[in-house]
Amino acid sequence: MTTDPGIPGSGASFTDADRAAFYRVLAARRDMRHFTPGASVDPVVLHRILQAAHQAPSVGLMQPWRFVRVLDADLRGRIAELVESERLATAAALGERGGEFLQLKVEGVRECAELIVAVLAPDDGTVFGRRTMPRDMALCSLACAVQNLWLAARAENLGLGWVSMFDPTALARVLALPPDAQPMALLCLGPVPAFYEAPMLEQTGWRQARPLTDFVQVDTGTHSDTVPPADPA
Ligand SMILES: Cc1cc2nc3c(=O)[nH]c(=O)nc-3n(C[C@H](O)[C@H](O)[C@H](O)COP(=O)(O)O)c2cc1C
C-alpha cells in the first residue's frame, strides 16, 4: 500500500490524459549517453525515482535489487576506467565493425550527475516462482526495477543510460560487494542537453529497430529463420 497521497492506490482508474501521458513517457524514454556537465539531481526527485524502482514486481516478492550511489569522485574514476577497458575489448571482439563502434558514444559515466550501480543481491533462497530458473528470475526482477527507474527518470525529464560494459568481478571488487552479489548495471542519471529523437544506435546507423509485427506470433515459435545476424556489418 502506498503512503504517498499523490500516487493512486490500486483502486484508482486512469483518465485518457493519464494514459496518454504514460504512453508518451514510454515512447520518449531513450538510452542517454550525453549529459549536461556540472548538473545535479534534486534529492527529492532522486528519492521519487528510486522509490519507483523499488515499486517493481519481483519473483516471490524477493526484491533482489540493491542500488549503490557512487558519490566518491575517485571511485567514479576507477569505474570509468573499467568501462573504458571493456569498451576497447568490445571493439576488438566486434572485428570489422570495431572501428565504427569506437566512434559511438556508449556511456556517460564521467559526465552524468548521478552514477548508480544496480546490484543483484546475494540470493536469499526464495523458492516461490523460481524453483526451475532461480538466477534468471532474480535477474528479471532486477531488470523490472531498472525499467521502472528508467521510466520514472524520463517522467522527471532526466536522462538515464544503462551501461553494461564492465567486468562484473572487477566492479564488485571496486565496490566491495559481498561475495554473492553481482553488479548488473551502471545507471548514468541526470539532466541532458536534449533527448535523442530515436535510439542513438539508429541515429548513428549502427542498427535499425524492427517493427512489432516481426515479434508477435501465434501458437508456435518457429522464428529462427527470420532472425537477422547480430551486429550486421
Ligand atoms: C541490458 C541493457 C544493457 C545496455 N548496455 C548499454 C551499454 O553498455 N552502452 C550503451 O551505449 N547502451 C547500452 N544499452 C542501451 C541500448 O543500446 C538501447 O536501449 C537501445 O539501443 C535502444 O535505444 P533506446 O533505449 O534509446 O530506445 C543497454 C540497454 C540494456 C537494456
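I started at Leu158, which is buried, because 26 other C-beta atoms lie within 10 Å. For the record, buried means 20 or more other C-beta atoms within 10 Å of a residue's own, exposed means 12 or fewer, and partly exposed is in between, with C-beta atoms placed from the backbone. This is a predicted model, in which local features need pLDDT of at least 70 and side-chain atom pairs count only at pLDDT 80 or more, while totals for chains, interfaces and linings use all residues. Residues are numbered from 1 along each chain as its sequence is written.

Leu158 sits in the loop between helix 5 and strand 3. Helices (H or I, at least four residues) and strands (E, at least two) are DSSP runs numbered from the N terminus. I then looked up what touches Leu158: leaving aside neighbours within four places in sequence, the contacts are Val41, Ala153, Leu189, Gly190 and Pro191. Contact here means C-beta atoms, placed from the backbone, within 7 Å.

**Core**

Next I checked the largest nonpolar core, which has 40 residues. Such a core is a set of buried Ala, Val, Leu, Ile, Met, Phe, Trp, Tyr and Cys residues joined through C-beta atoms within 7 Å. Ala118, Val146, Leu149, Leu186, Leu187, Cys188 and Leu189 have the most contacts inside it. Helix 2, helix 3, strand 2 (114-120), helix 5, strand 3 and strand 4 each give two or more residues to this core. Helix 5 gives the most, with nine. I picked out Leu186: not counting residues up to four places away in sequence, it touches Ile79, Val83, Val109, Leu115, Val117, Val163 and Phe166.

**Helix 3**

Which residues of helix 3 are buried? I found Ile79, Leu82, Val83 and Glu86. They lie on the same side of helix 3, because they cover an arc of only 95 degrees around the axis; the arc is that of the directions from the helix axis to the C-beta atoms. The buried residues pack against strand 1, strand 3 (159-163), helix 6 (168-174) and strand 4 (182-190). On the face turned away from the buried side I noted exposed Ala73, Asp74, Gly77 and Ala92. After helix 3 comes Gly95, with a positive phi near 65 degrees.

**Helix 2**

In helix 2 the buried residues are Ile49, Ala52 and Ala53. Their arc is only 105 degrees around the axis, which puts them on the same side of helix 2. What covers them includes strand 1 and helix 5 (134-155). The face turned away carries exposed Pro43, Val44 and His47.

Leu61 is in the loop between helix 2 (43-54) and strand 1 (65-70), and its phi is positive, about 55 degrees, although it is not a glycine. Leu61 is exposed, with 10 other C-beta atoms within 10 Å. Gln63, in the loop between helix 2 and strand 1, has a positive phi near 45 degrees. Gln63 counts as partly exposed, with 18 C-beta neighbours inside 10 Å.

**Ligand shell**

Last, I listed the residues around the ligand: Arg30, Asp31, Arg33, Val106, Glu107, Trp162, Val163, Ser164, Met165, Pro199 and Leu201. The cut-off is a C-beta atom, placed from the backbone, within 6 Å. The shell divides into six nonpolar, one polar and four charged residues. Ala, Val, Leu, Ile, Met, Phe, Trp, Tyr, Cys and Pro count as nonpolar, Asp, Glu, Lys and Arg as charged, and the others, Gly among them, as polar.

Notes. Contact = placed C-beta atoms within 7 Å.
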